[in-house]
Amino acid sequence: MSLALHYIANLLLILCLVTSMIQSRFLFNIQNYNLFSISQISAIQFLSILVSFFILIFLFITSDFNFDLVYFHSHSEKPLIYKLSGVWGNHEGSMLLWILILVLFNFLFSLSKSRSQKFKEITVAVQSLMIFGFVLFLLLLSNPFNINNENFNDGLGLNPILQDPLLAIHPPILYIGYVGFSLIFSLSITGLLTSEVDKKWATIAKPWVFAAWSFLTAGIALGSYWAYYELGWGGYWFWDPVENASLMPWLSATALIHCVVVLQRRNTMQSWTMVLAILTFSLSLAGTFLVRSGVLNSVHTFASDPGRGLFILIFLFIILSSSFLLFALKSEKINKPSLHNISSRNTGIMVNNWLLISILIVVFLGTMYPLATDLLYNQSLTVGPQYYAISITPIIILFLFFMILSPQLSWRESKLLKILNEMRYILISCLTITFLTTLYFDLFNFTEILIIFLSLILIISSLSLGLNFKSTKVIVKSNFGQSIAHAGFGIFMLAVVSNAVYSQEKIYDAKVGSKLQLDEYIFDFKNIEQEEKDNFNSIRAYLSLSKNGKDLGEFSPEIRFYSDPPTITSETSIIHQFFSDVYVVMNVPQNQESISLRLHIKPFMNILWLGVIMIILGGIITAILNRKKYEENAIN
Amino acid sequence: MTDTVKKRLIKFLVSLIIFGIAILIIVYNLRDNIVYFYSPSEIIENNQTGSQIIRLGGLVESESVVSDGDSIFHFNITDGQEQISVKYQGILPNLFAEEKGVVVEGIYMNDGRFIANKVLAKHDENYMPPEVIKSLKETGKWQE
């Protein structure tokens, strides 16, 4: 049985390899093969990978330890959901998942309506060339279907910290984001090859780029939320190299979605859009694989293997050099003279593009600097989070300013004074709110006050642009997605700043029965219990929380002792209130009498996640709302 | 100068200024926020005392961990040649254990003690910080 599955899976991978080769023939002007249509071959590509992915899932669920991958990364006593997430909790499996999404996008695109048959053929060909490269890599260097000749009774298990429902869905979501940009990349290459980067190109690319961006945002957010409650450090973002690796493509993708909109509306910024499309995909590739290659020193490195990093670096080099060469050859042809005034929306978007790229450079330097000094001077060092905070804050302030201004500007020309006049009520009300908050909370840091003020204006002005308030009803405008996302960003920034200012933490050595205090909260430490669960033993502490004599709920932080592999994890316990989270982590007891507890008050966390959800929703709405227009334009 | 050239020039200059300022701020900040990593031998050799925050990494020496209540811990970090005694108040990470790799962040005092404000943990019980592997290899204490 195992042997049969091993052969079937490998044959399916080879089938995908062959079909991808057939698909990429359009790049080389070979037309004499017309047995199946493009979408039919794409369907074969997709199905072959889908079935082999199902085989891998089947192997994990049935715990077939004849396969290396299952033996190293699974265990028969693991709950079903973690057997499933074990499929992509390792290098080979996550590669297969990556390829599955790659062929899925290829398949979906081949079904969609496009500007011309030729345009579709070339796009699918570029995409298939990439599929070919990755499947070849999978077969030769990281085959998930390798079998062993031993008869292992049980597997080695999955790192317990990864045994978390959120982390089971985090990689697929993040990968859909990353891989989505492969299609944008293929579209760009096609656009460059055919010299057709124009309004129609943008109309075709727009839903894909917004969908990919939404998934990438959601993937990063899930990872951040996981770190917030699972790692128990009280933070949600640590400027860790792996987090930065996912932030960099996001920054460039955020610039890209705005360029695509400008291209669609004004038929300008062609070169810049192409550069960003290539950059975003390269950063996505680097993001996924440098993380897995172990080049980046990080707390999040789980499955690392330096040898494979080399392949990715070579692949990255080929993609970057060939696409930028193509760009250099073609950029003159695709550029149209731009006719717009300096005080137009184009300028605003352009400035914010530059600001986003500046943040990208900050993050890039901070992430790569330690690598460089290690290689050049053999000196290990780390860049502290302060660096990011101090460098990015001034950029964010400018960014917020232009984010408020740009949507108010028209595409052609606007008078700044007129805009100021139109916005006077918003400005005055926000100034008043900021002033009152400042007084109420004793906030006297100018930077923080400025960010709060700008964020407030952003929230209100964005919402008022997307909604039209008539006397009796509210009309949702076509730019509702943008409005929601921008307001969400304002809410997010507001929460980030307030959270940074008002977070509190305290560590206690507590005995059962004692009462602990942090700010106005009283923690009543009730008891400790030991429990035995399916695949771990746990020690649980019970505390109740009250404020001003009012009961707010129960905490039950936990320490888990896993045996396969032997690991200890802390489970945080969080009470979510509207304005602040109260957060308790316990430590492995060092002695019998007392136990270390760390208490956190994290204000505005709910509001922070609300902002993030609005940003994601905005992206999804834009991707979907655009569809109708997209179909119409594509046919014409 | 024609209009388009003028516009391009303005655009170029504005971008250049924004870009230049950004890079300046970045480099200036980067220099101030670097935390260097040392092994115990390097710290003792260079006598890295002072107010600068540094990282120290190595193995937790066996039978050196002492707790004196209030979440205060004392332990020694060794690279096989030298050891440095570390004082830390806070919660030790779950994967902190004797004879395992550890990285601490803090200040090395004049009296030869290291006051740590952070003990860094990794997710994986088999994971060893690359810096620690490197320094252990240099002192010949690294075992595969």
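In chain A, strand β7 and strand β8 (residues 550–555) run antiparallel and are joined by 5 bridges; strands here are DSSP runs of E of at least two residues, as helices are runs of H or I of at least four residues, numbered from the N terminus, and two strands pair if DSSP finds at least two bridges between them. Within this pairing, A:Leu545 has A:Gly553 of β8(A) as its bridge partner. The two strands form a hairpin with 2 residues between them, and A:Asn548 in the turn has a positive phi of about 50°.

Strand β7 (residues 536–547) of chain A also pairs with strand β6 (residues 521–532) of chain A, in the antiparallel sense and over 11 bridges. A:Phe525 stands opposite A:Leu543 of β7(A), and a hairpin of 3 residues connects β6(A) to β7(A). A further antiparallel pairing, over 5 bridges, links β7(A) to strand β9 (residues 558–563) of chain A, where A:Phe561 is the bridge partner of A:Asn537.

## Basis of the model

The model is predicted, and local features need pLDDT of at least 70, side-chain atom pairs count only at pLDDT 80 or more, and totals for chains, interfaces and linings use all residues. Residues are numbered from 1 along each chain as its sequence is written, while chains are lettered from A and ligands numbered from 1 in the order in which they are written.

## Domains

Chain A is assigned domain 1 (1–161), domain 2 (164–334 + 349–405) and domain 3 (506–606), with bounds that come from an automatic or database domain assignment. The centres of domain 1 and domain 3 of chain A, taken over C-alpha atoms, are separated by 43 Å.
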